[in-house]
Amino acid sequence: GRLEAVTQQMGYHPQYLDSFLKTQHYLMHMDGPLPFDCRHYIAIMAAARHQCRYLVNLHVLQFLRAGGDPQWLRGLEFIPPKLRNLNEINKILAHRPWLITKEHIEKLLKISEWSWSLAELVHAVVLLAHCHALASFVFGCGCEQDEGLGGRGSLKPLSLGNQCFCEATASNSYSQELLRINRKRSLDSCMELDSLRERMQRIHVETEGRDEMRLLQQDRDEGEGQGAEVGVQGGRLSPLADTDGEVTGATNLACYMQDPDFGYQDFARRDEDQTQVFRVQDYSWEDHGFSLVNRLYSDIGHLLDEKFRMVDGLQSSAMAKRQGCEPSVFKRGIWNYIHCMFGIRYDDYDYAEVNQLLERILKVYIKTVTCYPEKTNSEMFDRFWKQFKHSEKVHVNLLILEARMQAELLYALQAITQYMI
């Protein structure tokens, strides 16, 4: 019954937290093109690309509460082809968004039994980008760590019941109404939990024998005497009821993704042609992305735009003062550095400023959290900016979250625009 870790960390910046929660709630719980269970499964697929067990387990529970088929939690082989077809752009957006093309969009939208509508695809793309970026925040702030729910930095636990971060609230009128709604949802969920556990246990009983025989045969072939026991208990199946009766998520995240070796590669290669550079002057969020996403998925553009503006408006005078510059200059340096790693360039910016503003250890941290967050460790977090407050480090991670999300959205929305032309 304590406030969940992501909300605790964002709580250092309450205005941003409120904007984030509104967007999160709209994406997951309000009217939209996609069914509620599919939204959470897409979130599971996105978080699995970065091995973010924290987000996967949260959305596994939400998926089941939304009435999702527990069989889907066995892996991509058990989901409808329409959802499985989303795997390719999930992989590309998560690691090398500059590779996405209108052909990827066309493949998903082509007329067939499993085709996507434009509105559904935009909803899915926003969900993917949201969860990829949120995985960066989770690792960056230590929410993935095993030692307690609070991540790095101590905060007093708050009793808000059994809520996930998409239901947690801040302290304004919107949040109070959301709290009332979610209290009712929590009560309803509790009433459904017993039947949910029965369903899970029945599925487990039906599949356990078959999977155990398969695993035993595997172990004989591979000569691993104890592999069967580990395999059955290692979470390869759908979530099971543990000894305390709680529903737990799959521990083998590989079942939720294909081509696990596909990862980030440096966009800027000295020996490569740089014609692929994405120039914001040609396609920007303000002039192009916002109107497209808002037209195809009503109101989400306003919520995203508010969130982008909110993180830009956060006070960072202490950070900037320590770096000897104006707050806006410092934040723009971080934002443009993140976009540069994804091949997005601003013609009116002098990139020499990045090296002047950001010390090397900070740049290493930002690149790790942005491009391969699963490699982030507590030592990296503790080493950068030893003299800075925890709230200032959280601020950097919020900049990473929003800059990365906008970068993915720009590439995806540009490809959709090219398809529509």
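User: In this predicted model, in which loop is Asp 299 found?

Analyst: Asp 299 is a residue other than glycine, yet its phi has a positive value, near 75°. Its relative accessibility is 40%, so Asp 299 counts as partly exposed. As for its place in the chain, Asp 299 is found in the loop between helix H11 (285-296) and helix H12 (300-313).

User: What is the phi of Gln 51, which is not a glycine?

Analyst: Gln 51 lies in the loop between helix H3 (36-48) and helix H4 (53-65), and with a relative accessible area of 45% Gln 51 is partly exposed. Although Gln 51 is not a glycine, its phi is positive, at about 55°.

User: How far apart are the end C-alpha atoms of helix H18 (residues 390-420)?

Analyst: Of the 31 residues of H18, 26 are buried, so this helix is largely enclosed by the rest of the structure. At 1.5 Å a residue, its 31 residues should span 45 Å, and the distance between the end C-alpha atoms agrees with that expectation, being 45 Å.

User: How many disulfides does a search of the whole structure find?

Analyst: A disulfide requires a pair of cysteine sulfur atoms within 2.5 Å, and the search of the whole structure finds 0. Cys 52 is in no disulfide, since the nearest cysteine sulfur, that of Cys 143, is 8.5 Å away. For Cys 131, also in no disulfide, the nearest cysteine sulfur is that of Cys 52, at 9.3 Å. The number of disulfides found is therefore 0.

User: Is Cys 52 buried or exposed?

Analyst: The cut-off for a buried residue is a relative accessible area under 20%. The relative accessible area of Cys 52 is 0%, so Cys 52 is buried.

Notes: Residues numbered from 1 in each chain as written. Predicted model: local features only at pLDDT ≥ 70, side-chain atom pairs only at ≥ 80, totals over all residues. Heavy atoms only, no water. Helix = DSSP H or I, 4+ residues; strand = E, 2+ residues; numbered from the N terminus. Buried < 20%, exposed > 50% of the residue type's maximum accessible area, 1.4 Å probe, protein only. Expected span 1.5 Å × (residues − 1).
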